[in-house]
Amino acid sequence: MFAQIGEGCHIETPFHANWGGKHVHFGNGIYCNSNLTLVDDGDIYIGDQCMIAPNVVIATAGHPILPILREHHYVYTCDVNIDRNVWIGSGVQILPGVHIGENSVIGAGSVVTHDIPANVVAYGVPCKVIREIGEKDRIYYMKNKKLDVWE
């Protein structure tokens, strides 16, 4: 069904893909929660150990702005690349041509219209980098809730 799928991947249903995953390349250990939609007219590359929350759309296809081209059903495709260990929050929309760098977190409800670098937290509409992942994240797993793994 997929162009490539690594070991230990899990996809909750329902799952939707224009081409049934024919242009989707999954690394190892990927988890996708329910209602994932992949507009896989172009290639989608997702690296090892990524987590995808419910109701995410990853689109490689779009339509031109010029009305006459849309009247003639023009479509373009641009590949999407998501590097290893990325967490994509609930309801995120990733648009054609986007590249998300490794270890980054994309916050729930974001619309990702441009590239996101590695090792950052990014969210919003449009999605933008809010901060780098750093030492604070070794102490707190969420807001003021402390990790106990180091004690």
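Glu 135 is exposed, with a relative accessible area of 59%, where exposed denotes over 50% relative accessible area, buried under 20%, and partly exposed the range in between, computed with a 1.4 Å probe on protein chains only. The model is a predicted one, in which local features need pLDDT of at least 70 and side-chain atom pairs count only at pLDDT 80 or more, while totals for chains, interfaces and linings use all residues. Residues are numbered from 1 along each chain as its sequence is written, and side-chain values use heavy atoms, with hydrogens and water left out.

Glu 135 forms a salt bridge with Arg 138, and the closest N and O atoms of this pair are 3.8 Å apart; the term requires a side-chain nitrogen of Lys or Arg within 4 Å of a carboxyl oxygen of Asp or Glu. Arg 138 is partly exposed, at 42% relative accessibility. A search of the whole structure finds two salt bridges, and another pairing joins the side chains of Asp 137 and Arg 131, with an N to O distance of 2.8 Å. Asp 137 is partly exposed at 24% relative accessibility, and Arg 131 is likewise partly exposed, with a relative accessible area of 32%.

Turning to the cysteines, the count of disulfides, defined as pairs of cysteine sulfur atoms within 2.5 Å, comes to zero. Cys 78 is in no disulfide, since the nearest cysteine sulfur, that of Cys 127, is 18 Å away. Cys 78 is partly exposed, with a relative accessible area of 32%, whereas Cys 127 is buried at 0%. For Cys 127 the closest cysteine sulfur belongs to Cys 50, and the separation of 15 Å is too far for a bond.

The aromatic rings give two pairs, counted when the ring centres of Phe, Tyr or Trp (its six-membered ring) lie within 6.5 Å, with planes under 30 degrees apart called stacked, over 60 edge-to-face and the rest tilted. Phe 2 and Phe 15 form a stacked pair, 5.9 Å centre to centre with 25 degrees between the planes. Phe 2 lies in the segment before strand E1 (10–11) and Phe 15 in strand E2 (residues 15–17), so this pair ties together parts that are 13 residues apart in sequence; strands here are DSSP runs (E) of at least two residues, numbered from the N terminus. Phe 2 also forms a tilted pair with Phe 26, at 5.1 Å centre to centre and 50 degrees between the planes. This pair links distant parts of the chain, as Phe 26 lies in strand E3 (residues 24–26), 24 residues from Phe 2. Phe 2 is buried at 17% relative accessible area, and Phe 26 is buried at 1%.

Methods: Helix = DSSP H or I, 4+ residues; strand = E, 2+ residues; numbered from the N terminus.
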